[in-house]
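Please walk me through this model, helix by helix and residue by residue. Which parts are enclosed, and how do the helices pack?

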Amino acid sequence: QQHQQQQQQQQHQQQADGGKATILTSIFNLANNVAGAGLLTLAAGKATGTGWVPAVITCVALAFGSGHTFGLIGRACEMTDETTFKGLWSRAFDEGTAWLVDSMIFCQTFLASIIYIGLLGDIFSALVVAHNNPSVPSILHRRTGVILSVASCILLPLNMIRDLSTLGFTSILGLVAVLYTVFFITVRALDGTYALGTVGGQAMGKFIAQPESLLALPSFKKSTWFHMDLNSLVLVSNLGLAFIAHYNGPSYWKALKEWTSERFQKVSLRAYAVLALLYTVTMVAGYSTFGDVCQGNILLNYSSRDVLSTLGRFATFFSIIFGFPLVSNGNREGLKNVAAYFGHDAVADPKHHGKLVTVMLTLTTTAAIFLKDIKLIAGLSGAVMGSALVYICPTLVYARIVGKTKGWDSPEYGVARRNLLFIPFGVFTASMGVAMTLKNTILA
């Protein structure tokens, strides 16, 4: 008993001290790590036909909904002293089902890896074609050639690195790329360089006067103020992808100084408020520039002669290059954990590291080559995994932990149960998001 009391005192002292991250630092880290490739797809999500007003409301509402469910993870950690999402799941259900969490993380990071590789192919091939340098090998003028070259010559060696702390600088690089992308997209939306020109006197933008440098001229036939239909679920799916961070929630809880659910909730809501601002600005600025022709990767819409967009492509390219090993490492760890549960311990053997890296990179690279429009994979990933990891799992885990801790008849559980309303919303957006994504891509 004395030993148990000492353990409890140590746990309470650890909780009082917590990690080293202040609220401001945690807000920065969370917003920085969530914001990424997802914001490049938002203008295309709006371009499926959602009006200006519902598009902005959807972005802001889902940001705060996602922030709320992220905050529930902190409350669950406070009640259980768990510091992993897998641990929370085990406390809510049982350890025998914890492999489901690893499976979801594996699927999410696998799809994210495909998106990243596809973006690399899109961005670099566009840069090569834009500058038309005869010294560049012809294979790099094609998306498939770029993907194969980058995967074999750059991503494979980087993924062989076992100590990922050497890639810690990528966090700052990713932040710079995101902020610069938001900056130049906003500038181009305001400076008139992509203006179509009107009889009323607005001059034609200088890049519109060079149509050969564009994939397509801007079009605003679908632009409305208030229209909203089932196609709007494509935007909802894209936002689901853009807001995923919840399976890493316990890590942010553990890092926060002076653990309390109130402090964690402040971090969550403020970080997602920052994301709502960044995403709304990017979506609105991107669509106001190109309208209905926005690509799944908005960077592809900009002129090959646009210096600002070229710098944005370079910044994004290198941030993805050095951030990819972190994503793929999470992918491999998820696979190892699932394999171990089913008795295949050899997958996690360090001597098989090289083979595992090669196999996983081959699979994701092959998928990225055949899935030429990231709008498809981003939509499917956001619809299925976004719904599961943002709306369904956190609320289900939190409610069950409250029920087990406070009692199924307690007032606390009665309040916690209200969060389960996110579950039917998540199921609906997952099923219909998949259907609408397929309708607007493969079946279009």
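Buried means under 20% relative accessible area, exposed over 50%, and partly exposed in between, with a 1.4 Å probe and protein chains only. This is a predicted model, in which local features need pLDDT of at least 70 and side-chain atom pairs count only at pLDDT 80 or more, while totals for chains, interfaces and linings use all residues. Residues are numbered from 1 along each chain as its sequence is written, and side-chain values use heavy atoms, with hydrogens and water left out.

Helices (H or I, at least four residues) and strands (E, at least two) are DSSP runs, numbered from the N terminus. Helix H5 covers residues 85-92, and six of its eight residues are buried, so H5 is largely enclosed by the rest of the structure. The buried residues of H5 are Phe 85, Gly 87, Leu 88, Trp 89, Ser 90 and Ala 92.

The loop between H4 and H5 contains Asp 81. Asp 81 has a phi near 65 degrees, which is a positive value in a residue other than glycine. Its relative accessibility is 36%, so Asp 81 counts as partly exposed.

Helix H4 (residues 52-80) packs against H11 at an angle of about 155 degrees, and their axes are 8 Å apart. Such axes are lines fitted to C-alpha atoms, for helices over the stretch in contact, and angles run from 0 to 180 degrees between N-to-C directions. H4 is therefore roughly antiparallel to H11; angles over 145 degrees count as roughly antiparallel, under 35 as roughly parallel, 65 to 115 as roughly perpendicular and the rest as oblique. The crossing of H4 and H11 is right-handed. A crossing is right-handed if the near helix is turned clockwise from the far one by less than a right angle, and left-handed if anticlockwise. The contact of H4 with H11 has 18 nonpolar, 10 polar and two charged residues. Here Ala, Val, Leu, Ile, Met, Phe, Trp, Tyr, Cys and Pro count as nonpolar, Asp, Glu, Lys and Arg as charged, and the others, Gly among them, as polar.

Ser 261 belongs to helix H11, which spans residues 261-290. With 10% relative accessibility, Ser 261 counts as buried. Contact means heavy atoms within 4.5 Å. Apart from neighbours within four places in sequence, Ser 261 is in contact with Arg 75, Glu 78 and Trp 253. The C-alpha atoms of Ser 261 and Leu 72 are 8.3 Å apart, although 189 residues separate them along the chain.

Thr 289 also lies in H11 and is buried, at a relative accessible area of 5%. Leaving aside neighbours within four places in sequence, its contacts are Ile 185, Arg 188, Ala 189, Tyr 194, Pro 218 and Phe 220.

Of these, Arg 188 is part of helix H8 (residues 170-190). Arg 188 counts as buried at 10% relative accessibility. Not counting residues up to four places away in sequence, Arg 188 touches several residues, including Phe 207, Tyr 302 and Leu 308.

The last pair to follow is H9 and H14. The axes of helix H9 (residues 233-242) and helix H14 (residues 374-406) come within 7 Å and cross at roughly 65 degrees. This crossing of H9 and H14 is left-handed. On the H9 side, Ser 237, Asn 238, Gly 240 and Leu 241 meet residues of H14, among them Ala 378, Gly 382 and Val 390. The contact of H9 with H14 has four nonpolar, seven polar and no charged residues.
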